[in-house]
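Please look through the sequence and the model below.

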Amino acid sequence: MSEPDTDGGALKSQGLGLMAVLFQSIAFMGPAAAVAFALGIAIPSAGAALPLAVCLAAVTCVLVGICIGQLAKHVTSAGGIYAFVSVGMGERVGFVAGWLLTIFTALWVPGAAILFAVVTQNAVGHYFDVDWGWEIWFLIDLMVLILMNLKGVRISTYAGVVLGLLEMVIFAALATVVIVRSHGGAGLGAFTPRNSADGEIRSLLIGVVFAVFAFIGFESSAALGEEAADPRRTVAKASWTAALVVGGFFMLCSYALVSGFGVHGFVDSVTASPDPWADLAHTDVGSFGTLLVFLALLNSTLAVSNAAVVGTTRVLFTMARGRMLPKPLARVSGRAGTPDTAMLASVGCAAAVGLAVGRAYQPLVAFAAFGTALTISYVVLYILVCCSVIRYFRSRRAEFSRGLHLVVPVVAIVLFVFPLYYLYVPLPEAPGLYSAIAVPAVIVVSAVAAQTLHSRRPDLIARSQNVFGDRMPEHWEAYRADGLPDAVVVIGGGTAGFTVCATLRSIGFTGAVTLIEREPTVHDRPPLTKEFLLGRLSAQDLTLQSPQWFVDHDITVLRSAEVVSVDPQSAAVHLADGSTLNAPALVLATGGTARTLPVPGGGHARTVRTLADAERIRGLLVPGAAVVVVGGGLIGAELASSAESLGCDVTLVEPVDVPMERAWGPVVAGRAHAEHGRHGVRAVRAGVESIVARSQGYVVHLSDGTSLVADVVLAGVGLVVGDQLARRAGIDVRDGVLVDVRRRTSAAGVWAVGDVCRVADADGLPQASAEHWEAAQTDGIIAAHDIMRLDLPASVSRAPWFWSDRYGQRVEVAGRMDPDALHIRRGVSDMSFSVFALDGARCVGVAAINDPRTVRFARRLIDQHIPVDPTRLADPDVPIEDLVRRRASAGKHLRSKERQ
């Protein structure tokens, strides 16, 4: 559930639309900077055929973008290419890809910042006659990047949209003016191979190599796979659209450059100019044109460095989530929902590396070295992505397309082999030589490490492949390749199972839905220990829905039905009456049974789990009856309260001083436990040694040596999960059915929800079960949406909430009452107050007695990660809504602007 700061989970969706996702890629390429610098490197080879070289590079990158788009429809992860290769090529190749991406994408941050520094230094020196040195502007750029990214990816990506549009509009307008003034431009000569530098195809292909450098980063939108709205559509479309759009822009600008300087003598004319685009702008537009070029380049270099930080941060985060980097790098800021530790680490490393290399060589030489390393590593990664598409879809025959999944990636691989060859033949000079050596060195070292880990510690390399916050195993991918199931069978008619059925219908599932319940009715359980025992609700009142409702919603209910086994491989559910149901999608909502006391005679203590249990106990709770309740948790305390209200003489036995202290905090738990004494219930701190039946009643022997005489003994000491069906079916069970964050079990096509499931953490270990009503509802909603392959609604990410009613009072808890947090009390009355748990300035939990309004607003503080002032929070004269209103208004204003 929602927490202020998390480690190793999926990034929170920021609802980024196609435009924001697209411009993450466009900004990473830096269209204006690429035209002025990256394409300029291609001119000595491509010559006047530069537009043709750009066109070939664009075609190659669009083909790779199509491949990435195909994988993005199935794989949504902040890891981007790393995730795609891990899923498509396996854990060892993914390991190598992860390190390539981590090291060399990180190098682009100082490279882009150096470029910003050089452009800014030149512009400020030209217009203001100020020379601060490139190092100052380099550090200023990094400081700006920190501020932008600490505000969250929404701010930084939308900044990329504005900056990217501005630079492209300026350069496209200038290019158009240049072409028009050159009376139609260079004609077809710009697309003729013989117009390369030496008139040979080889020179043209070398030019394509350097043109590819300008396109590097077109796929970086994939890093927003966990933060984009509908990522399977937006990321998939942005991947190839970015290459296509910027490819067209590059062709326009390169054609304008050839048109402005002329086909004949093009290389000599351009290389003789220290700033060809500034010269063109001054010639065709005047001084104002030169100023616009400088502004566009400033925008472009800032946008490039910002996009590089966004992409690098997500790669570092994903690697840390898979335990390939230190765990703190997987920390997600609660307030902004961004991996702030990874971001600060990437900027810090950029500062050190950029200053060191930039001062050792000239800044632009350092930029070229970083660019060489980036180009080589990304060409290798693009080839791996194309191989991943082939392998991934060959195993999914139902979706395999010969054109999309074989022809396109093969052609792209062939086209990229030439750039890779000419990046090494001939070898570049230092420091570019060091870059050329570094890439294969990283590949060799990481490949050896991957193979060693695979042989000696397969668990470690398997864990490193946690590229998703909710990774989908291979057998689940194969299951989903067959499309949506045509029928869903839910075993268990409690809150979780019922919610699965109801949600499926509400979100448009049209197949058959069958609900199997071993009891005669499908009913709610929380009132069994309260309103039902007190006679305020009847059995009919407890039903979750009427029989007619199930008919109206076309849900088949099998009541008083017993399931004897399930077979996930054959999608079969076998019932005790000998019948078998087809279950292409199966949901286990089997809950559990009330735990009996593990002592001699423990079976004499009655427990409450079913309607029949509650009916039997209700007949025993008569005025004057001596009742011993064992267990002071939620169920035990509610049983004691109900028995006291019915006029019974109640003793509560509990081995700890303050039950529920960890879940509720000491103040609320202590006040709630003290309420027993205020209502005449005797609380005894002891354990139970044995229960002995007598001719009339029972004797309960306690661990302190005393004994209690009772007419009725009740127990509320926990739950034994009903995981027998899953265990017999070979499904992974660890004190409950182990599931991922989308409630998928180890068996494809089988989900588990409610009390029976245990959600695995990033290390695959089961977390504690919530065993609360709202948690069961949330499980049902999540499983239903996953069955339908839909994104989860925002409601499932809310802070967990539960309540308990006793002695006419309501105790509520939202979030987590962390014992290490600062606890702030609000309210002076013992009859109505709240206690907040603060982690720094963020509220992480609230526990309250008879204060539902405060809890309602506190959940917004927790869910929206709103910082609070502890002094104002503790002051009951400060309305709780005032602590929420300012942030809520800001959020509303932001959403309004987004709609516009």
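Beyond its neighbours within four places in sequence, Ser 642 is in contact with Thr 529, Lys 530, Leu 533 and Leu 534. This is a predicted model. Ser 642 belongs to helix α22, which covers residues 634–645. One of its contact partners, Lys 530, lies 112 residues away in sequence, yet the two C-alpha atoms are 6.0 Å apart in space. The relative accessible area of Ser 642 is 2%, and residues under 20% count as buried, so Ser 642 is buried.

Helix α4, residues 81–89, packs against helix α14, residues 363–394, at an angle of about 40°, and their axes are 8 Å apart. The two helices are therefore oblique to each other. The crossing of α4 past α14 is left-handed. On the α4 side, the residues that meet α14 are Ile 81, Phe 84, Val 85, Val 87, Gly 88 and Met 89. Their counterparts in α14 include Tyr 378, Leu 381, Tyr 382, Leu 384 and Val 385, and also Cys 387, Ser 388, Arg 391 and Tyr 392. By class, the residues of this contact comprise 12 nonpolar, 2 polar and 1 charged.

The protein as a whole has 29 helices and 26 strands. Of its 900 residues, 56% are buried. Among contacts with a separation of 6 or more, 72% join residues 24 or more positions apart.

Notes. Residues are numbered from 1 along each chain as its sequence is written. This is a predicted model: local features need pLDDT of at least 70, side-chain atom pairs count only at pLDDT 80 or more; totals for chains, interfaces and linings use all residues. Side-chain values use heavy atoms; hydrogens and water are left out. Axes are lines fitted to C-alpha atoms, for helices over the stretch in contact, and angles run from 0 to 180 degrees between N-to-C directions. Helices (H or I, at least four residues) and strands (E, at least two) are DSSP runs, numbered from the N terminus. Angles under 35 degrees count as roughly parallel, over 145 as roughly antiparallel, 65 to 115 as roughly perpendicular and the rest as oblique. A crossing is left-handed if the near helix is turned anticlockwise from the far one by less than a right angle, and right-handed if clockwise. Contact means heavy atoms within 4.5 Å. Ala, Val, Leu, Ile, Met, Phe, Trp, Tyr, Cys and Pro count as nonpolar, Asp, Glu, Lys and Arg as charged, and the others, Gly among them, as polar. Buried means under 20% relative accessible area, exposed over 50%, partly exposed in between (1.4 Å probe, protein chains only).
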